Amino acid sequence: SSGLAADGTSSISLQSLAIGSGRSVVPEYNTHVQYYGSDNNYADTIITQGLDPSSDFNEIQRREIVVGGAQYMVMYMAVLQAMYESIAACKAGGRQDAAALSWDKAAAYIVGSLEGVVEENYSVRPGVFLWGLGKKYCTEFGTCRNIVTGSSLVNEEILSILYTGRGAASVQSCEALEKAAQELTSLIRVALFQTSLSEVAKAGGESDGPLREIHAARGFMAARALLPLISKENRDDANFISSALDFEGPLFGAFGETEKRENALTVQRDLVNNIDDLDVDCSLVGTSNNVDACSGEVTANSRNRVPIVIGILLGAIFGGSLAVILFMFQSRKNEKGPEEQAKFIRNTQGVLDDAQSDFDPSDNRAQVATDELEHSDAAPGDGGVDANGDGSFSDVHLPEPV
């Protein structure tokens, strides 16, 4: 219900947004109702189940159902309702400010009251509605912008269309206002796709436990705002996403770890496959560490490859260090002085020995070798012998140059 706050400002409850009859003005409202078993108050029904302590849901699931149901399902439809109420007021031709007032309400539902600068410490406080989601996941999907602190590509597009629609409503340009509403509808779906893809990827990369359960539940609740639209275009995709994330079945529809991870990837693929069908600009969704929204490529979560990457890096570092050490050792060896070099003398067999000390004058092996040479049968004039005995070696014939 709605009413006045203590300071005189008006307020409206989330439940009144979830069950208000005014939602019927939204073109896609009946698609959501039919998907959820002809339940006109489908979001309220889901949230009420999460609030029930006697339900079969555990504490983690109940929290995500309540918070996610309000964030993703109630506020998504509330934004659409306010936009199309603005169009209806414009076409009715009543008060000139009626259309502008409804359009401003749509802007408030997108951004929320918590978003903005906190004057006390000059910090930027994040919101919890669709605008806040766009900022939350922009780093992961590479869609952040620095023009406004914490801004994202999709939020800049949303802001531009909000100004366009406000101008059209103010001058009662109903055709331009309707076009702005259609463009804004596609834009606010971006954060829902990013949330679903991100949380499912995180759940798939975790082992069984509370953290995995939180991510899976959060991804499911964001997907539930999109499932009616996906089902209309590709029923098989919607059925698999729902069955894999359903709280009442095993996580990701499987009990084995390998099957769970593969099903998580399939959920992401099915979501990505429907981005274009829901008139969403893939470049605004962006590219995460395992999903490329525009190419449609979905790979295993890179977190699972971290140990391999670390191993490769350590191996490269070790190999490089070893090469440096060997190079320094060889360089030092080549720089040794004559006194450090190994000394060799010829033995009687003509083999070089590695001497461990300087030449020993008492070693007579060289003299023995000389005596043998003098008494050899080498003929005068043979190369290598001084035939004249005068030390000139004039009879030695050098080999011809080759």
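**Entry 1: before looking**

I call a residue buried when its relative accessible area is under 20%, exposed when it is over 50%, and partly exposed in between. I also remind myself that this is a predicted model.

**Entry 2: C90 and its partner**

I start with C90, whose relative accessible area is 4%. That value falls under 20%, so C90 counts as buried. Which cysteine is C90 joined to? I find a disulfide to C174, with 2.0 Å from S to S. C90 sits in helix α4 and C174 in helix α9 (residues 174–205), so this pair ties together parts that are 84 residues apart in sequence. I then look at the torsion about the S-S bond of C90 and C174: it is about -95°, so I note this disulfide as left-handed.

**Entry 3: C138 and C144**

Next I look up C138 and C144, which form a disulfide with their sulfur atoms 1.9 Å apart. Is C138 buried or exposed? At a relative accessible area of 2%, C138 is buried. C144 is partly exposed, with a relative accessible area of 32%. The torsion about the S-S bond of C138 and C144 is about 80°, so I write down right-handed for this disulfide.

**Entry 4: C282 and C294**

Further along I come to a disulfide between C282 and C294, with an S to S distance of 2.1 Å. The link of C282 and C294 has 95° about the S-S bond and is right-handed. C282 belongs to helix α14 (residues 282–285), while C294 lies in the loop between α14 and α15 (306–334), so the pair ties together parts that are twelve residues apart in sequence. I get 17% relative accessibility for C282, which counts as buried. For C294 I get 45%, which counts as partly exposed.

**Entry 5: the pattern**

How many disulfides does the structure hold? I count three. Numbering the bonded cysteines along the chain, I read the pattern as 1-4, 2-3, 5-6.

**Entry 6: the nonpolar core**

Now I turn to the nonpolar side chains. In soluble globular proteins, such side chains tend to be buried together. Here I find that the largest nonpolar core has 89 residues. Which residues have the most contacts inside this core? They are M83, I158 and L184. Helix α4 (residues 59–92) gives the largest share of the core, 16 residues.

Leaving out residues up to four places away in sequence, I see M83 touching W103, A106, A181, L184 and T185. I mark L184 in that list, as L184 is also named among those with the most contacts inside the core.

Technical notes: Residues numbered from 1 in each chain as written. Predicted model: local features only at pLDDT ≥ 70, side-chain atom pairs only at ≥ 80, totals over all residues. Heavy atoms only, no water. Core = buried A, V, L, I, M, F, W, Y, C linked by side-chain atoms within 4.5 Å. Buried < 20%, exposed > 50% of the residue type's maximum accessible area, 1.4 Å probe, protein only. Helix = DSSP H or I, 4+ residues; strand = E, 2+ residues; numbered from the N terminus. Contact = heavy atoms within 4.5 Å. Disulfide = S-S within 2.5 Å.
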